Amino acid sequence: MDHFLLSPFAALLLFSALLLASRADENTFDQNYNVTWGFDHATVLDQGKEVQLLIDQYSGSGFASVHDYGSGFFQMRMKIPNKKSNGVVTTFYLTSKPVNQDAVYHDELDLEFMGNNSMPYTLSTNVITNGVAGREQQFQLWFFVDDTPIRVFKNNSHVGVNYLSRSMHIEASIWNSTNWLGPVDWSQGPFTAFYQKFDIDGCLYQDLNPQQCYANTPTNSWNAEKYWQLDPDQQGKYEDMRKKYMSYDYCSKNNESYPECSLNS
């Protein structure tokens with residue numbers, strides 16, 4: 001299960017993976033999400049507790065949250081294709097782009113699982129601020145990652161680092177990228193991904209009062225001071241994970257282009 005913490009007030013963005021037990025009051029898919037493309041390739045299962053996204057040589061598919069959010073915890077349980085799937089990308093991300101539209105200046109937080117013909121799988125993460133991309137970090141994963149932070153992106157706007165400033169909604173999809181990952185062997189298809197856990201712990205964004213999502217209140221528990229930085233146990237897991245499994249870091253390639261790379265974060 002993949003998980004974002006987005007909290008501009010707390011000045012911390014956390015990518016982590018989290019395995020949670022299901023709850024009796026778990027929301028169904030149509031309470032928070034809609035299928036947005038590839039409609040005949042998306043199937044709602046188990047009375048709304050699971051969604052299957054399918055890709056073949058004709059189309060992929062995707063869905064998006066009904067609402068936009070200003071801050072919160074965002075999670076999704078995912079099962080990516082388990083066969084030879086080179087060229088197929090399975091995603092969960094937050095974006096300020098309108099659904100099925102382009103936007104040059106936008107904010108986005110990406111988790112993208114790259115299909116492969118053998119283990120390990122590559123998880124690519126990215127932070128896009130005001131349309132500026134290139135902040136990729138990638139990890140080679142063989143296993144479940146249980147409540148382990150894998151990436152932190154702090155609000156260093158005071159020293160010229162672009163930070164997330166727009167409301168965003170959640171999207172998930174399965175698609176193919178020949179230019180990025182190489183051709184897909186469609187004889188192995190179709191490829192399917194499964195999503196569960198459709199609860200959203202987020203602050204609904206309101207144009208008339210955007211600051212409410214940044215306030216440290218009981219309702220916005222993710223803005224509490226304890227989330228402003230990793231605790232010692234999380235910090236240890238974070239450093240160990242990155243040392244063992246991070247295979248690409250944009251800072252090692254473009255240190256001078258991104259001021260946050262020279263900071264002790």
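These are my notebook entries on what I looked up in one predicted model.

**Entry 1: ground rules.** I am working from a predicted model, in which local features need pLDDT of at least 70, side-chain atom pairs count only at pLDDT 80 or more, and totals for chains, interfaces and linings use all residues. Residues are numbered from 1 along each chain as its sequence is written, and side-chain values use heavy atoms, with hydrogens and water left out.

Entry 2: I then followed Tyr 33, which touches Phe 63, Ala 64, Ser 65, Val 66, Met 76, Ile 170, Phe 198 and Ile 200, not counting residues up to four places away in sequence; contact here means heavy atoms within 4.5 Å.

**Entry 3: helix α3.** How far apart are the end C-alpha atoms of α3? They are 20 Å apart, which agrees with the 20 Å that the 14 residues of this helix (232-245) should span at 1.5 Å a residue, where the expected span is 1.5 Å times one less than the number of residues. Within α3, I found Tyr 238, Met 241 and Arg 242 to be buried. Seen down the axis, the buried residues of α3 fall within an arc of 90°, so they line one face of the helix; the arc is that of the directions from the helix axis to the C-beta atoms. These buried residues pack against β11 (137-141), β12 (148-154) and β16 (246-249), while Pro 232, Lys 243 and Lys 244 are exposed on the other side of α3. At the start of the helix, a side-chain oxygen of Asp 231 reaches to within 3.1 Å of the backbone nitrogen of Asp 233.

**Entry 4: Tyr 238.** Tyr 238 counts as buried because its relative accessibility is 9%. Leaving aside neighbours within four places in sequence, Tyr 238 is in contact with Pro 149, Ile 150, Arg 151, Val 152 and Leu 230. Tyr 238 and Arg 151 are 87 residues apart in sequence, yet 7.4 Å apart in space, C-alpha to C-alpha.

**Entry 5: Thr 122.** Thr 122 has its place in strand β10, and it counts as buried because its relative accessibility is 11%. Its side chain is joined to that of Gln 140 by a polar contact of 2.9 Å (a pair of N or O atoms within 3.5 Å; within protein, one must be able to donate a hydrogen and the other to accept it, and residues adjacent in sequence count only if both atoms are side-chain atoms). Leaving aside neighbours within four places in sequence, Thr 122 is in contact with Glu 112, Phe 113, Met 114, Gln 138, Phe 139 and Gln 140.

Entry 6: Is Asn 116 buried, partly exposed or exposed? At 23% relative accessibility, Asn 116 counts as partly exposed. This residue lies in the loop between β9 (108-114) and β10 (121-128), and, leaving aside neighbours within four places in sequence, Asn 116 is in contact with Lys 83, Lys 84, Ser 85, Asn 86 and Tyr 121.

**Entry 7: backbone details in loops.** The peptide bond from Gly 189 to Pro 190 is cis, with omega near 0°, and Pro 190 is found in the loop between α2 (178-181) and β14 (191-196). Gln 47, in the loop between β4 (42-45) and β5 (50-55), has phi near 55°, a positive value in a residue other than glycine. Gln 47 is exposed, with a relative accessible area of 75%. Asn 130 has a positive phi of about 55° although it is not a glycine; this residue is found in the loop between β10 and β11, and at 33% relative accessibility Asn 130 counts as partly exposed.

Technical notes:
Helices (H or I, at least four residues) and strands (E, at least two) are DSSP runs, numbered from the N terminus. Buried means under 20% relative accessible area, exposed over 50%, partly exposed in between (1.4 Å probe, protein chains only).
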